[in-house]
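I went through the model a few places at a time and wrote down what I looked up.

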Amino acid sequence: MTLDDVADELYGLDPGEFVEARTAQVTAARDNKDRALATEIGKLRKPTVVGWLVNLLARELPDEVGALLALGDALRDAQRHLSGPDLRRLTTQRQQVVRALARKAGELAADRGRTVGEDALRDVGQTLHAALADADTAEQVRRGRVVTAATYSGFGPAGLTVVQGKTAKKPPKSEPASTPPAEKPKKAKKSQERDLDAARAAAEAELADATSGADEIRGALDDANIELGQARSTLTEIDHRIEELRGELEHAEQERQFTRNAEKASAEAVRRGERELEAAERRVEKARHALDNLG
């Protein structure tokens, strides 16, 4: 048993099962007299729900996750080569793939009886974005060992650093003295142009990213407005129906009261009739006795 084996097992578990399983693995390592392994296992951190969701994606959809991380390589390459059209195209593609994977993470959780909210799915998307920009995060995602959500600011901070680093380098001190002084302004101008192109490409990528995000939010807002209109319409219908039912209830209560009064009057009439019938029967019996005595 190695640390990698244990980590692969633990980070594939539901977060609620993690601590108990980790404790069992630590105990097993100690029983095997491997204190170093037991210590390392004990250091493994319990994943958050977001970490668990990303790890689910890596285990259940390795091809899709691998394709996303490959897209990150393509984006960094386009950034290094200052390809504005490629950056815009790949940035839009990145947004689409990340959204699709975040939705699939929610579906995978539902298959396991877990319901996750929109905030968690947004954090899954942010973590995938961060994996595109940071090699360490990408490796954690690829191996399915994410502990918690990761964030990023814009696309590819590492890529931008590379571009800036290239343009910020000073000419080496060993530059031949025979270089004509007139070439230095030209080199400086080309360096400035490269800086400008790099900044323009980065700005175009950020614009494409922001536009895509705004379109997504606008679409969600339109859907929310439609749902709001439907809810208000349904509420109005329910209010009207409640008023109708109240009117029907008031009429029914009036009828009930009228019927109750009629029931009381009828009951009194029955009781009076019973008393009168008893008196009439006694009179009949008395008359019959009188006739018998005469006969």
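I looked up R145 and found it buried, at a relative accessible area of 16% (buried is under 20%, exposed over 50%, partly exposed in between; 1.4 Å probe, protein chains only). This is a predicted model, in which local features need pLDDT of at least 70 and side-chain atom pairs count only at pLDDT 80 or more, while totals for chains, interfaces and linings use all residues. Residues are numbered from 1 along each chain as its sequence is written, and side-chain values use heavy atoms, with hydrogens and water left out.

I placed R145 in the loop between α8 and α9 (157-168); helices here are DSSP runs of H or I, at least four residues, numbered from the N terminus. Leaving aside neighbours within four places in sequence, I listed D4, A7, D8, Y11, N55 and Q140 as the contacts of R145 (heavy atoms within 4.5 Å). With D4, the R145 side chain makes a side-chain polar contact at 3.1 Å (N or O atoms within 3.5 Å, one able to donate a hydrogen and the other to accept it; residues adjacent in sequence count only if both atoms are side-chain atoms).

I then went back to α8 (residues 135-143), where T137, A138 and V141 are the buried residues. Down the axis of α8 they fall within an arc of 100°, so they line one face; the arc uses directions from the helix axis to the C-beta atoms. A135 and D136 are exposed on the other side of α8. At the start of α8, I found a side-chain oxygen of D134 within 3.3 Å of the backbone nitrogen of D136. Just after α8, G144 has a positive phi of about 70°.

Definitions and conventions: Helices (H or I, at least four residues) and strands (E, at least two) are DSSP runs, numbered from the N terminus.
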